[in-house]
Structures are given as structure tokens and as C-alpha cells.
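Subject: Structure handover

Hello,

Here is the structure I said I would pass on. My notes on it follow below.

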Amino acid sequence: MLDFLKDITFKANDVVLRAIDILMRNYVSLAGLCFLLFITSNLSSFLALYLDSTNFFIKVLLLLVFVTIYFSLQLVLLKKAVHLAKEEKKHLGFLGYLPSLSQFIYYVLGLLLYSLIAFVVYLLMYVLLFPLLYLGFDMVTVQSEIHPFLTGVIMLFILIRTSFFPFFIIENGFNTLKSYRFSLAMTKGNVFRLLTIIFIVALAHILQVGTEYLGYSLVSRILSLINSFVVIPLVGVVMSIVYIDMMKAYKGGADPSVMDNIL
């Protein structure tokens with residue numbers, strides 16, 4: 001078991017170090033995309049408050065515009081990260097990274113599907129935990145502690161297994177369901193490795209939350225900037241490297257089923 005954990009940690013560290021090297025060599029382009037995401041998100045929030053009394057249809061139109069720009073930029077960032085992780089020499093240019101209409105729709109449907117899964121898990125956990133009330137557990141304890149914890153653990157597992165669906169959309173043009181199936185098949189047997197990588201990458205965010213909770217506001221703001229302009233682009237590169245490595249090792253079929261790859 002100890003050798004297994006050492007091997008997992010070594011592979012995770014190797015992925016992160018490779019990602020840092022790629023990020024350092026291409027920081028301007030990757031951080032620039034993250035900056036555009038940051039501007040788009042904050043500008044939409046500002047306009048939502050500024051145009052609060054504006055016509056409803058104008059607000060809906062602006063919402064659609066900002067959603068389209070934001071999600072398109074996310075796909076551009078992922079495609080750029082994959083391109084850099086593969087170390088391809090051909091320069092595509094910004095337009096070359098833009099997703100097609102079908103890829104954009106499949107990606108949005110994938111996000112909606114994940115939200116639906118989260119909603120179902122949230123309700124299902126209430127049903128499964130209901131018998132605890134008859135065993136003497138307090139309602140408040142079940143609602144505020146046990147249910148959020150178990151739901152969070154399950155959703156983290158689902159996130160790990162399905163988080164690679166965008167790569168199959170932008171790389172292969174698969175539809176949403178097929179991309180989900182491939183993500184399940186590719187991550188089968190790699191959960192501990194992915195969990196270790198997620199922990200390493202999320203360490204800066206954990207430190208930010210911890211310092212903010214302890215009242216170190218200046219340190220928290222510094223870590224917030226690091227998260228925005230270092231960790232976020234790093235995550236895209238890390239996920240791209242992991243995707244490429246797992247695809248090289250993938251030995252499954254061309255049309256994997258959900259039931260064969262859930263666990």
C-alpha cells in the first residue's frame with residue numbers, strides 16, 4: 001500500500017512539474033485568457049447591478065451574450081492548454097481555438113447535465129439518510145453536517161470521473177453523452193491519482209480560505225491573485241496533461257458503456 005501511495009504521489013508531482021514548465025514558457029497567452037475570463041465575469045456582475053431597472057428582454061439578451069463569451073473562452077483555454085501540452089509546433093491563432101457551434105452546445109449541455117446529476121444526488125441523499133432520524137440523530141445534525149458532507153464526497157467522486165468530458169468535445173467533436181461515457185471509461189482506475197493531483201493544485205485555494213478564516217486579509221488577497229493568474233491557468237494545463245497521458249494508456253473500446261465504467 002505504501003509503495004502504491006508513493007507511486008501515485010510521484011506521478012502526480014511529475015504532472016504538476018510538467019504543467020509548471022509549460023505554464024512558465026507560455027504564461028502570457030494562458031494568463032491572458034484567464035484575465036479575459038476574469039473581466040467577463042466581473043463585467044457581467046457589474047452590468048447586472050447597473051442595469052437592474054432595464055427592460056427584461058435587454059437583460060436576458062446581455063445574459064446570453066456574456067454566457068456565450070464566458071463559456072467560449074473556457075473552451076478556448078482548454079484547447080490552447082491541450083495544444084501546448086501536446087507540444088505541437090503549428091500555431092493556430094486565436095480563431096483556430098474558437099469552438100464550433102456544436103461544440104459550444106455540447107459543452108453547455110454537459111454543464112447542465114452535471115447540475116442535474118448534482119440535484120438528483122442532493123435529493124437522493126436526503127432519502128437515504130432519512131432512516132437516521134429514527135436512530136436518534138438530530139434533524140439539524142443530519143441537514144447541516146451529515147448530508148452536506150456525504151453529498152460533497154459523492155459529488156467530488158462524480159466530478160473526478162466526468163470532468164474530462166470537455167476534452168472529448170473539443171478534441172474529437174463527440175456529443176455530450178458520448179463525452180461523458182469516455183470520461184468515465186478513461187478515469188476508471190485513476191481516481192486516487194486524480195484526487196492527489198486535485199489536492200496539490202487546490203492547495204493554494206485551501207490556504208486562501210484558511211488565511212481568510214483566520215483573519216489574515218492581506219495574505220488572503222495575495223493568495224487570491226495567485227489563484228486567479230497562476231493556479232487557474234495551471235489547472236487547465238494539468239488537466240490537459242492528465243487527459244493526454246490517460247488517452248495514451250486507454251485500452252477500452254470505441255464506444256464505452258456507462259454501466260461497465262461506473263466503478
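Two residues are in contact when they have heavy atoms within 4.5 Å of each other. Please keep in mind that this is a predicted model.

By that contact rule, and leaving aside residues up to four places away in sequence, leucine 184 touches Arg161, Thr162, Val258 and Asn261. Leucine 184 sits in helix α8, which covers residues 176–187. Its relative accessible area is 13%, and buried means under 20%, so leucine 184 counts as buried. Serine 163 is 21 residues from leucine 184 in sequence, and the two C-alpha atoms are 9.0 Å apart.

Next, the salt bridges. Side chains of opposite charge can pair when their charged atoms come close. Searching the whole structure gives three salt bridges.

- Aspartate 245 and arginine 18 form one of them, with 3.0 Å from N to O. Aspartate 245 belongs to helix α11 (residues 217–249) and arginine 18 to helix α1 (residues 2–25), so this pair links distant parts of the chain, 227 residues apart. Arginine 18 is partly exposed, at 33% relative accessibility.

- Aspartate 21 and arginine 25 form another, with 3.1 Å from N to O. Both are in helix α1, and because they are four residues apart there, about one helical turn separates them. Aspartate 21 has a relative accessibility of 38% and counts as partly exposed.

- Lysine 86 and glutamate 171 also form a salt bridge, and their closest N and O atoms are 2.5 Å apart. Lysine 86 is in the loop between α3 (56–85) and α4 (93–97), while glutamate 171 is in helix α7 (residues 165–172), so the pair ties together parts that are 85 residues apart in sequence. Both residues are partly exposed: lysine 86 has a relative accessible area of 37%, and glutamate 171 one of 29%.

Last, the surface. A nonpolar patch there is formed by Tyr27, Val28, Leu218, Ile222, Ile226 and Val230, which together have about 540 Å² of accessible area. Helices α2 (27–50) and α11 each supply at least two of the patch residues. The most comes from α11, which gives four residues. Valine 28, one of the patch residues, is found in helix α2. Valine 28 has a relative accessibility of 70%; exposed means over 50%, so valine 28 counts as exposed.

Regards

Terms used. Residues numbered from 1 in each chain as written. Predicted model: local features only at pLDDT ≥ 70, side-chain atom pairs only at ≥ 80, totals over all residues. Heavy atoms only, no water. Salt bridge = Lys/Arg side-chain N within 4 Å of Asp/Glu carboxyl O. Buried < 20%, exposed > 50% of the residue type's maximum accessible area, 1.4 Å probe, protein only. Patch = residues over 30% accessible without salt bridge, like charges linked within 9 Å, V, L, I, M, F, W, Y side chains within 5 Å. Areas by Shrake-Rupley, 256 points an atom, 1.4 Å probe, with all protein chains shown as cover.
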